[in-house]
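This report describes selected features of the structure shown below.

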Amino acid sequence: MSTRLNNLVDVTEDIAREHGLTDDEYKMIVGHLGRTPNMTELGVFSVMWSEHCSYKSSRKWLKKLPTEGPQVIQGPGENAGVIDIGDGDTAIFKMESHNHPSFIEPYQGAATGVGGIMRDVFTMGARPVANLNALRFGEPSHPKTRHLVAGVVSGIGGYGNCIGVPTVGGEVNFDASYNGNILVNAMCVGTARADKIFYAAATGIGSPVVYVGAKTGRDGIHGATMASAEFDDASQEKRPTVQVGDPFTEKLLLEACQELMASDAIIGIQDMGAAGLTSSSVEMADKGGVGIFIDLDKVPCRETAMSGYEMLLSESQERMLMVLKPGREAEAEKIFHRWGLDFAVIGELTDGHRMVVHHQGEEIADMPLTHLADGAPEYDRPHVATPKRPEFDASNVTHPAIADSLKSLMGNSEIASRRWIWEQYDSMVMGDTLVGPGGDAALVRVHGTQKALAMSTDVTPRYCFADPIEGGKQAVAEAYRNISATGATPLAITNCLNFGNPERPEIMGQFVGCLDGMGQACLALDFPVVSGNVSLYNETNGTGILPTPAIGGVGVIADYNNAIGSGFTQADAHVFVIGASHGALGCSLYQRHVLQDEAIVAPPAVDLQAERAHGEFVRATIAAGAVSAAHDVSDGGLLVALSEMAMRHGIGVSSQQQGDSAYWFGEDQGRYIVQVSADQLAGFTTAAQAAGVNVNEIGKTGGDELTIDATLTISIAELTRINQDWFPDLMSGKTA
Amino acid sequence: MQAAVIVFPGSNCDRDVAVCLEAATGTPPLMAWHGDASLPDCDLIVLPGGFSYGDYLRCGSMAANSPIMREVVAQAHKGAAVLGICNGFQILTECGLLPGVLMQNTGLNFVCRDTRLTVSNAQNAFTHLYQQDEEIIIPVAHNEGNYFADESTLASLQEHQQIAFTYGAGDNPNGASLDIAGITDKSGKILGMMPHPERRAEAALGGEDGKRLFTGIVESLA
């Protein structure tokens, strides 16, 4: 193909189609230009108008999400969202998908996903302080699963460990719908002083446009277009469009950028992510309301004879585009050269709001910026709502013994310990990780302060599939709950919306439904969206994934000494459930994995008022010192949550509570289990009455067993063994 | 006393260890750049963890040949104390200040977790605040921490009490010979270790077992 990627080829409608443009879109481009585009211009338009860059199917619905609040400094539309965390400090964060590349080449796909999201965050002036991820793989028994898990985990670790940013949390699900289309969503959180935030907008006619970082090669050309198409069996042939990451160069780029950002030389800065030099230059100039001239002969290349088309569309990693104040080039160049990085003035800002590109002394493109940046058509794709599902029918169910069900769940793919994964991530580098992987939310101290950020990634795709609205609500609510359980106040979310082919009305209906639910939850919980990413066309051979709107929540606690963990910490403490337990088994792990019932029924309903009230109550009682451990109740219900709290520090629990399988394994929402020491009991129950919150004492801590009177006794050691063995057994080929 | 932390491109625990040194000495250490050909006289030089030069070649081998390392080696020979943590340990073996090599973990994966260590020699300049054979917990985070040396070198390390730390029984994360987690030179003033004491020098981070290493060396040099 590469011999064709230059202006010697005349553009036809067939070539436009090969670039993923519809005939109508191509006609629009011809209209905007007033002529037939040349090959370079077609390439640029095709990536800027790809689903990945233009959000053309999703924009209409994204606009409806709540994005404002007093805590929001920068909402969606920049490289990352920015929130106020007090004292002049900010948290800057975003989550992004790297699904398609990770399926084709798991190590590099995942690694460059992590590298890309970190650049989005440090482009804005932040120092990245935490990485998280949300991963979805096919069935454990699928022949590709182990290979993909091993490669993705290794790639995430390989990049994050080297650059020296701790990977502190994440979530993993396995489901057959991801067999041919795994999801790799990477989230990065950074911190910056509020007066040192950098934006993309480029201003000042004549200001120099500067390229820094690694050299440009042919890797990743049309990665954004690939991410905007369905997979088929021939997708492996797209391996060359997967970028190759170099975390060492990114570390140098991070340090060099931080050093330059300490001065006031930068006007605007933007990383070269999807669609590389093209999207970065278009976005910077468009946001600043100026034009841009680029001379490709100045671009540092690591391959010879690259055409202008290839240079503009390359997705080589670890590169940044900056606009500097005129006259500050020399001081910036000195910094980048000290770090051994390329630095080149490749153009300047112009008036006229056009993008003009020269190569080998000739003009090879001249395009109107407005149409490149925002000109892609916004589609209102047909959508049909997911039908209402029947309630779970418990009438003819034979329940196994509760002890057997518990053991089965603790060793289940969805609940088994993820230690095998997170021990491959450096979770402690930077010396501020207070709570790493394995808890409800990770806690990372804001360096040199008493504050800590609480972070969690959450979504339950099987709920979203059964009922997109309730599933969308639940994803946001679970992130809210996980953060609240540490004592931190939830502040804002980022999201990564992974769906199938939006051209199918039922898929579009899932998208619309999930966003509806998410929006309701964000509003009710005062938990706005500040950044995000959409990944559509997650299908292989026409089979879509479960709708997976992954949520990355961020909160803050003013004094980390007041934060608590999710495990029991003492014997003879009282154990309470906050929130009502009705025994909701619909779409529960119990239904799927213990009863082996695949019927699509209604998932648990989310009462957003109760969520908020319970979250506020948990945070208040933690702050008052009444609650000394808290864990949200999610997958697997009460008994799994109790087991997890006991396993954390090996402290058992005994309960006199009488309940059936639905009680112990139901997944009613809005619930927490908390530990209240004897001397705090009166204060806790009084506070619950005052707040009107449903609390129910279910047992006492102590011993080294989980005991439910007349129902079961299991040693914590055995639960731990069952829970810990599954992943290593899978990866060593012993199971599945 | 003058302490310095060498910053290689790709070092990523330089700030973490500087925090511990400042806590132990009361003043921030000198941060010395890899490309510098000179280094002020130092009492203690720290080679921090990370991925120096990306570690795309054998870990630590590029760093061992950087300009600053000629100075580090020269000062070590004049009696300066040197501490190499993780990648720093790899650099110390690569530049010949410590014997042996660090191979890839036998599990073939990067491993980051707490490990139980035994203080095998509590007599040297770094470890004297620990009890002999005391069990402590310090985390590791590495892909190449599998200490290897030939039989005679291992015998010599044992004979001269150069094994400072060993992994607790059943807790060897990387397959290291003799469960070695850290060794010194014969003088006991050059220490290389895979575990990260700077990550456990504060109660909020899970414990303070690593703190005595820093206060210990500072006391020794005072």
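## Interface between chain A and chain B

Three salt bridges are found across the interface of chain A and chain B in this predicted model. In one salt bridge, the side chain of A:Arg445 meets that of B:Glu202, with an N to O distance of 2.5 Å. On the side of chain A that touches chain B, at least two residues each are supplied by helix H8 (145-163), helix H10 (247-261) and strand E14 (433-435) of chain A. H10(A) gives the largest share of that side, four residues. By class, the residues of the side of chain A that touches chain B comprise 13 nonpolar, seven polar and eight charged.

The size of an interface is often expressed as the accessible area lost when the parts come together. Here, about 2200 Å² is buried between chain A and chain B, and carbon and sulfur atoms account for 58% of this area. Within chain A, the residues that lose the most area to chain B are A:Phe248, A:Glu423 and A:Met428, which together make up 27% of what that side buries. The contact involves 28 residues from chain A and 25 residues from chain B.

E4(A) pairs with strand E6 (residues 183-193) of chain A in the antiparallel sense, over nine bridges. In this pairing, A:Val184 of E6(A) stands opposite A:Leu135.

E4(A) is also joined to strand E5 (residues 167-174) of chain A, in this case by seven bridges and in the parallel sense. There, A:Phe174 in E5(A) is the bridge partner of A:Phe137.

## Strand E23, covered on both faces

In a regular strand, side chains alternate between the two faces of the sheet. For strand E23 (residues 629-632) of chain A, both faces are covered: A:Ala629 and A:His631 are buried on one side, and A:Ala630 and A:Asp632 are buried on the other.

E23(A) runs antiparallel to strand E25 (residues 672-676) of chain A, to which four bridges join it. A:Asp632 has A:Tyr672 as its bridge partner in E25(A).

## Two loop residues with positive phi

Most residues other than glycine have a negative phi. A:Gln360 has a positive phi, near 50 degrees. This residue lies in the loop between strand E12 (354-359) and strand E13 (362-368) of chain A. With a relative accessible area of 62%, A:Gln360 is exposed.

A:Asn541 likewise has a positive phi, near 50 degrees, and is located in the loop between strand E19 (539-540) and strand E20 (543-544) of chain A. Its relative accessible area is 49%, and A:Asn541 is therefore partly exposed, the cut-off for exposed being over 50%.

## Helix H3

Helix H3 (residues 39-48) of chain A is mostly covered, with 10 of its 10 residues buried. The buried residues of H3(A) include A:Met39, A:Glu41, A:Phe45 and A:Met48. At the start of H3(A), a side-chain oxygen of A:Asn38 comes within 3.0 Å of the backbone nitrogen of A:Thr40. A:Thr40 is itself among the buried residues of H3(A).

Definitions and conventions. Residues are numbered from 1 along each chain as its sequence is written. Chains are lettered from A and ligands numbered from 1 in the order in which they are written. This is a predicted model: local features need pLDDT of at least 70, side-chain atom pairs count only at pLDDT 80 or more; totals for chains, interfaces and linings use all residues. Side-chain values use heavy atoms; hydrogens and water are left out. Buried means under 20% relative accessible area, exposed over 50%, partly exposed in between (1.4 Å probe, protein chains only). Two strands pair if DSSP finds at least two bridges between them. Contact means heavy atoms within 4.5 Å. Buried area is the accessible area (1.4 Å probe) that two parts lose on being put together, summed over both. A salt bridge is a side-chain nitrogen of Lys or Arg within 4 Å of a carboxyl oxygen of Asp or Glu. Ala, Val, Leu, Ile, Met, Phe, Trp, Tyr, Cys and Pro count as nonpolar, Asp, Glu, Lys and Arg as charged, and the others, Gly among them, as polar. A polar contact is a pair of N or O atoms within 3.5 Å; within protein, one must be able to donate a hydrogen and the other to accept it, and residues adjacent in sequence count only if both atoms are side-chain atoms.
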